[in-house]
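Subject: Structure handover and notes

Hello,

Here is the structure we discussed, followed by my notes on it. Please read them with the file open.

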Amino acid sequence: MSFYVDLNPKCSLKSHPVVMSKKDSATSKIAAKSSEKDPVSELVYPSKRVVQKANVKEYEAMYQRSITDREGFWADEAKKLHWYRKWDKVLDESQKPFYKWFTGGKINIIDNAIDRHLKTWRRNKIAMIWEGEPGDVKVLSYHALNREVSKFANILKSMGVKKGEIVTIYMPQIPELPIAMLACAKIGAGHSVVYGGFSVEALASRIDDAKSRVLITADGGFRRGKPTDLKGIANDAMDRSPTIEVCITVKRTGEECMMQTDRDYWYHDLMSLPIASPDCETEKTDAEDLLFILYTSGTTGRPKGLVHTHGGYSLYTSTTHRYVFDIKDEDRWWCAADPGWITGHSYLVYGPLINGATIMLYEGAPNHPYPNRWWSMIEKYGITILYTSPTAIRGLMRFGDQWPKRHDLSSLRLLGSVGEPINPEAWRWYHEVIGGGHCPIMDTWWQTETGGFMITPLPITPLKPGSATRPFFGNEMAVVDDNGKEVKPGEEGKLVIKSPWPGMARTIYGDPDRFVETYWKEYEKQGWYKAGDSARMDEDGYFWIIGRIDDVIKVSGYRLGTAEIESALVSHPSVAEAAAIALPHELKGNAIHTYVILRAGVVASKELEEELRSHVASELGPIAKPEAVDFTDALPKTRSGKIMRRVLKARALGQDVGDISTLEE
Ligand code: WTA
């Protein structure tokens, strides 16, 4: 069974029939419905019960106010947080594009995410429900979470971790991952979480860039019933990165792993020492003090560490989370992203905890042991809001309606989507089969760089399947051409952000010039931020994201750089040159296709193709494994030697290659 994934909202659904199994009656009903309607003009209105509960009852007036008095708007929202010292200035624009927010203010995100809840009834509220893939469960109240975080914060201090230093975290989705992040923040140290699905080179290069002295990891985690070998990868990465002096390992799988004397410590051994006291004072950080860096892929092979800070990030994640997902104290919030990506940072850990929510964390694969795993957990824990990616939805939709239909999903009130454009078929399935037709879908557009939602509906917003709708409060967005002129409604252009917002990344760690060059140079005159996405805005002011226009590939919603994949290929002894491009994929959104020029004397073969694919997976991680490796004698390049990926892509898709006047040969 296969189904068509439409990444282009303007495409007629009729010209791309959805292929569905006949047995799958509910799904085919949705598919049939969707082919009758034009997805662009159709509006889906929120149900009465959602509107009645909504935190924001009217968008337009509040948006206008947030634009005409941006600083006033954000100052009012900031008053909902706890500050050790009030700010002197809301927005400091004196060193654009290095904007500063709430300067002079003293605030720590942990004081807001944990400490202040301990003084209220929320002390005994559930902060986190965790389910491991094998079925083991842990539940932590805010009180219990505080104890774990404080104990570990004291351990970090005893290891000499200082304010401002960067601790690297490489872990599976277990409670100790958020605990480690929160412990760093509590003592004013920065964290750099490296996604647990990444491999040796990805981890080593991130440790190097951050010059981390301390690494926190685990022996492994469970994925599809098997233990992963995280410590083995961490050991290899530490061999390549000489800066690590201390490695703390959580015992999760119990599999044997190599521990090096004087460097490696077991987490549980340390946590049972007297030094791991549950009393630890939260550091009174400045609003602009570094909270974390998170590496993301860009146009060069070197990953860039985006810097986020205590003040603006606390404010932006909590405000967006509260308004967009209408958070109430009785909610059970499940953001199914890995904490190793920005979605996990902002909306699994920080935003929801600041809002005093109960968060759900699940370790493993969505279809293990059966494709009803997620649906059974929604029923079991009474989840009220689910936030996930189109890839996950498409992947689960593939198994048919019978899996969600086995479960009572009536606890759900709202749904969310992030990471890539959601095609109307997946949208409708999510809306009708999972949400019972009455849960609006918050399709949130944002980036690692933005810290939080930028374009997003509110629960009251009439929705158009496939559109992230309108800008969040305070944000002015536009679709422009190369000269910065706004394109006409319906026309494709580049997405820009015209105004600063509190959650914006402050810089690239250790490389401020690259920050300016990457995001602010192209529209320097206007002072706009270039998102790197192409988009359209329709007559109603709704935004439709088309996809990346730079050298970033979104595979299953995960962000990868063509340059990282290419350098992984070139690190293999058989490869002289390589190019990576994204081609549409029905499940993953995009798949990686690569072209390789072999070194002289090396003979192309099916075995070598397999070897190269596996090589990329073991250097970067399984998500970066190319779909295909094509051997070639030449690559299309400009006269200055830049690979013209656009030409490769057009050729692979059988399209016109366009202007090739700059092509060398
Ligand atoms: C894409 C993920 C369409 C986009 C939070 C963006 C989306 C990139 C959406 C950032 C959405 C994110 N609709 N595309 N709702 N959300 N994207 O840094 O291309 O991992 O630039 O942050 O994901 O990816 P990142």
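The side chain of R70 reaches the backbone oxygen of G474 at 2.9 Å. That is a polar contact, meaning a pair of N or O atoms within 3.5 Å; within protein, one must be able to donate a hydrogen and the other to accept it, and residues adjacent in sequence count only if both atoms are side-chain atoms.

Before the rest, the ground rules. The model is predicted, so local features need pLDDT of at least 70 and side-chain atom pairs count only at pLDDT 80 or more, while totals for chains, interfaces and linings use all residues. Residues are numbered from 1 along each chain as its sequence is written, and side-chain values use heavy atoms, with hydrogens and water left out.

R70 belongs to helix α4 (residues 70-78); helices (H or I, at least four residues) and strands (E, at least two) are DSSP runs, numbered from the N terminus. A relative accessible area of 14% makes R70 buried (under 20%; exposed is over 50% and partly exposed in between, with a 1.4 Å probe and protein chains only). A further polar contact joins the side chains of R70 and E476, at 2.6 Å. Leaving out residues up to four places away in sequence, R70 touches R65, W101, G474, E476, S499 and P500, where contact means heavy atoms within 4.5 Å.

K498 sits in the loop between β20 (492-497) and α17 (512-520). K498 is partly exposed, at 28% relative accessible area. The C-alpha atoms of K498 and W528 are separated by 4.7 Å, although the two residues are 30 apart along the chain.

Rings

Rings of Phe, Tyr and Trp (its six-membered ring) pair if their centres lie within 6.5 Å; planes under 30 degrees apart count as stacked, over 60 as edge-to-face and the rest as tilted. By this rule there are 42 aromatic pairs. One of them, Y99 with W520, is tilted, at 6.0 Å centre to centre and 50 degrees between the planes. Y99 lies in the loop between β1 (89-92) and β2 (100-103) and W520 in helix α17, so the pair ties together parts 421 residues apart in sequence. Both residues, Y99 and W520, are buried.

Y347 and Y387 have ring centres 6.2 Å apart and planes at 90 degrees, so this pair is edge-to-face. Y347 is in helix α12 (residues 342-354) and Y387 in strand β16 (residues 385-388). Y347 is buried at 0% relative accessibility, and Y387 is buried at 1%. Elsewhere, ring pairs link Y59, Y63, F73, W74, Y316, Y323, F472 and F473 into a cluster.

Sheet

Strands β25, β26 and β27, in that order, form an open sheet with mixed pairing; two strands pair if DSSP finds at least two bridges between them. The edge strands are β25 (575-585) and β27 (628-631), each pairing on one side only. β25 and β26 (residues 589-598) pair in the antiparallel sense over 10 bridges. A578 has V596, in β26, as its bridge partner.

Regards
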